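Reader: I'm new to protein structures and would like to learn how to read one. Could you walk me through some features, step by step?

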Amino acid sequence: MSAVTDPVQLAEPPAFRRDRLVHAWIGVKALSDAGDALWTIALAWTAVQIASPAVAGLIVAAGTVPRAVILLFGGVIADRSDARRVMLLFNVLRVGVLVAVAAWVLATPPTVAVLLFAAIAFGVCDAFYEPSAGTIARQLVRASDLPSYGAAAQTASRLGTMAGAALGGVIVAHAGLGGSAGVNALTFSLVVAFLAIWLRPRFRLARADRESTLRGIGRGFAHLGTHPTTRTLVLALSGLNLAVGPAVGIGLALRAHDEGWGAQAVGLFEALLGLGAALGAVSVARWRPRHEALSGFTALVVQGAGIAALGIGPVWTVGTAAFVIGVTAGYASVLLSATFSATVDTAYLGRMGSLTRLGDDCLMPLAMAGFGMLASATALWVPFAVFGGAMMTLMVLPLSNRTFRTMSLRSPA
């Protein structure tokens, strides 16, 4: 494969280890992720206090549907507009939603309607924000620095999410939904300030033609048909969480219940997953492979075996498998995200990113239901083996592609 060509350079980036602007952006984004985790816990906790379990589940999931419906429109906007301005606009709207919720619950107790409004509004904002945010790395660092950027950003994001989750219960218990909304509004305000005052792209991406949004969406699907490397990446990345999500999301709880290990075992498994993911992401910065895509997809074959291993053995083997899944998830996520950003045509980067996110929003509920049905109809180890085997099988496609086996994002010597 030929060397990756950067978009038009507007300003010379420093070496990544000395890039204070990018380091600051990673820190600000991690702080925002902490605020999001805190808010998610506050929303869920408040929902279960004022509504039935079924309604509470509806509230927590309410943002998924509008996000799935609007996500492709957000991808079109990301490909033809200034990503920084789109991110600014929708972060300002998020702040407005949070301030409105905080003001409402100061005047009157929270209601189901208020919680649904907040969840749906955030889902809409996410649908427009995330595709543009997915292009920002490509505008800040060289293609050869994308794995280092991804390793630092994902590690910081995971640490921020963990810290926010840990504080979320404490803050909602003492300050209620209004206090949690206020804290998250503050973190988004810091992101707005950073985007407006400091963050400036170093690379100009190719822009899509101005045309109707529906035609832009159609052109994105047509691009998949004519670019096999991009198509393989999108298909592979779209299906990853569909294999591991159900095994972790409901499978671990089913195993702990079936074996009598208790809820504390589920917490331990989740902690091992998080720790492994953080270490996997960090390891890329320290021991970066020569062929990023090959290493990333190979790690996911190992992850498939780890998913299958969750269904058998005593508690210590399940904990080990959870840790392995975390390590491979963090490691592969950094490498494949960098490969995606560096190889997809930048005029289609937002739309292709939107398509990879649709798998979670549209198919994850079906995957969860399928896992549960298999667990009910067969032995508990069967759904783990099926979903783990599916992950390993899915990786045959990219690993058989010579382009992915040989490509490297490193700058030529």
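Reader: Let me begin with L275. Is L275 buried, partly exposed or exposed?

Author: Keep in mind that this is a predicted model. The general idea is to compare a residue's relative accessible area with two cut-offs: under 20% is buried and over 50% is exposed, with partly exposed in between. L275 has 43% relative accessibility, so it counts as partly exposed.

Reader: Where is L275 found?

Author: L275 is part of helix α10, which covers residues 263-286. L275 also shows how sequence and space can be read together: V327 is 52 residues away from L275 in sequence, while their C-alpha atoms are 7.9 Å apart in space.

Reader: Let me try the cut-offs on D126. Is D126 buried or exposed?

Author: D126 has a relative accessible area of 13%, and because buried means under 20%, D126 is buried. D126 sits in helix α5, residues 112-133. Setting aside neighbours within four places in sequence, D126 is in contact with R67, R94 and P131.

Reader: Now for helices. How do I describe two that pack together?

Author: Two packed helices are described by the angle between their axes and the distance between the axes. Take helix α1 (residues 20-50) and helix α7 (residues 146-197): their axes come within 4 Å and cross at roughly 35°. The residues of this contact between α1 and α7 comprise 32 nonpolar, 12 polar and 2 charged.

Reader: Which residues touch the most other members of the largest nonpolar core?

Author: They are W25, Y149, F297 and L310, in a core of 91 residues. For a closer look, pick L310: not counting residues up to four places away in sequence, L310 touches A247, L252, R255, V318, A321, A322, I325 and F384. Apart from this core lies another, of 24 residues, including A47, A56, A118 and A121.

Reader: Which residues line the largest cavity?

Author: The lining is made by L72, I217, G220, F221, R351, M352 and L355. To read a lining, sort its residues by kind: here there are 5 nonpolar, 1 polar and 1 charged. Then ask which elements contribute: α8 (213-226) and α13 (349-377) each supply at least two residues of this lining.

Note on methods: Residues are numbered from 1 along each chain as its sequence is written. This is a predicted model: local features need pLDDT of at least 70, side-chain atom pairs count only at pLDDT 80 or more; totals for chains, interfaces and linings use all residues. Side-chain values use heavy atoms; hydrogens and water are left out. A nonpolar core is a set of buried Ala, Val, Leu, Ile, Met, Phe, Trp, Tyr and Cys residues joined through side-chain atoms within 4.5 Å. Buried means under 20% relative accessible area, exposed over 50%, partly exposed in between (1.4 Å probe, protein chains only). Contact means heavy atoms within 4.5 Å. Axes are lines fitted to C-alpha atoms, for helices over the stretch in contact, and angles run from 0 to 180 degrees between N-to-C directions. Ala, Val, Leu, Ile, Met, Phe, Trp, Tyr, Cys and Pro count as nonpolar, Asp, Glu, Lys and Arg as charged, and the others, Gly among them, as polar. On a 1 Å grid over the protein atoms alone, a cavity is a set of points where a 1.4 Å probe fits but cannot get out, and a pocket is an open set with protein on both sides within 12 Å along at least five of seven lines; lining residues have an atom within 4 Å of a point.
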